[in-house]
Amino acid sequence: MDRVEGRCWLDWWANSSTLLGSIEVAVVITAADAGWEARGHLVSDRNEDRDAFAFLCDLDPVFTLRFEDDSAVAVTVQAADETSPLQPH
């Protein structure tokens, strides 16, 4: 399988027990030379959600990408445009 599309959540943890924010994203994950690459966009179109997400990105762009089965991986978010890349952390 070279491509997976679905919904995930970007979780921002202050520490191992404090989740400060979580936002749903639509992602496309593809195979790449160095493992995998993911691109996605926020599902919500509410300005409040986008502002909160931008604030957390400014604090630290490392999020936990959580899948529907609750598996997760740390990623660095590059919020450059509508379809921003998610890099493994």
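The model is predicted, so local features need pLDDT of at least 70, side-chain atom pairs count only at pLDDT 80 or more, and totals for chains, interfaces and linings use all residues. Residues are numbered from 1 along each chain as its sequence is written, and side-chain values use heavy atoms, with hydrogens and water left out.

Strand pairing is described first. Helices (H or I, at least four residues) and strands (E, at least two) are DSSP runs, numbered from the N terminus. Two strands pair if DSSP finds at least two bridges between them. Strands β1 and β2 run antiparallel and are joined by 12 bridges. They form a hairpin with 2 residues between them. Within this pairing, Glu 5 has Val 28 in β2 as its bridge partner. Strands β2 and β3 also run antiparallel, with 8 bridges. Here too there is a hairpin, with 2 residues between β2 and β3. Val 25 stands opposite Leu 42 in β3. Strand β1 also pairs with β4, antiparallel, through 3 bridges. In β4, Thr 64 is the bridge partner of Asp 11.

The next topic is the nonpolar core. A nonpolar core is a set of buried Ala, Val, Leu, Ile, Met, Phe, Trp, Tyr and Cys residues joined through side-chain atoms within 4.5 Å. Buried means under 20% relative accessible area, exposed over 50%, and partly exposed in between (1.4 Å probe, protein chains only). The largest nonpolar core has 16 residues, of which Leu 10, Val 25, Phe 53, Phe 63, Leu 65, Val 75 and Val 77 touch the most other members. At least two residues of this core come from each of β1, β2 (18-32), β3 (35-42), α1 (47-59), β4 (62-66) and β5 (72-77). The largest share, 4 residues, is supplied by β2.

Rings of Phe, Tyr and Trp (its six-membered ring) pair if their centres lie within 6.5 Å; planes under 30 degrees apart count as stacked, over 60 as edge-to-face and the rest as tilted. The structure holds 1 aromatic pair. Phe 53 and Phe 63 form this tilted pair, 5.4 Å centre to centre, with 35° between the planes. Phe 53 lies in helix α1 and Phe 63 in strand β4, so the pair ties together parts that are 10 residues apart in sequence. Both Phe 53 and Phe 63 are buried.

Asp 11 is a charged residue in a buried setting. Its place is in strand β1 (residues 3-15). The relative accessible area of Asp 11 is 4%. Contact means heavy atoms within 4.5 Å. Leaving aside neighbours within four places in sequence, Asp 11 is in contact with Leu 19, Gly 21, Ser 22, Phe 63, Thr 64 and Arg 66. The side chains of Asp 11 and Arg 66 are joined by a polar contact of 2.6 Å. A polar contact is a pair of N or O atoms within 3.5 Å; within protein, one must be able to donate a hydrogen and the other to accept it, and residues adjacent in sequence count only if both atoms are side-chain atoms.

Side chains of opposite charge can pair when their charged atoms come close. A salt bridge is a side-chain nitrogen of Lys or Arg within 4 Å of a carboxyl oxygen of Asp or Glu. By this rule the count is 7 salt bridges. One of them links Glu 24 with Arg 7, the closest N and O atoms being 3.5 Å apart. This pair links distant parts of the chain, with Glu 24 in strand β2 and Arg 7 in strand β1, 17 residues apart. Glu 24 is partly exposed at 27% relative accessibility. Arg 7 is partly exposed at 40%. Asp 49 and Arg 46 meet in another salt bridge (4.0 Å, N to O). Asp 49 is partly exposed at 23%, and Arg 46 is partly exposed at 46%.

Asp 70 forms a salt bridge with Arg 66, the closest N and O atoms being 3.9 Å apart. Salt bridges that share partners join Asp 11, Arg 66 and Asp 70 into one network. Arg 66 is partly exposed at 23% relative accessibility. Asp 70 is exposed at 57% and lies in the loop between β4 and β5. Most residues other than glycine have a negative phi. Asp 70 has a positive phi of about 70°, although it is not a glycine.
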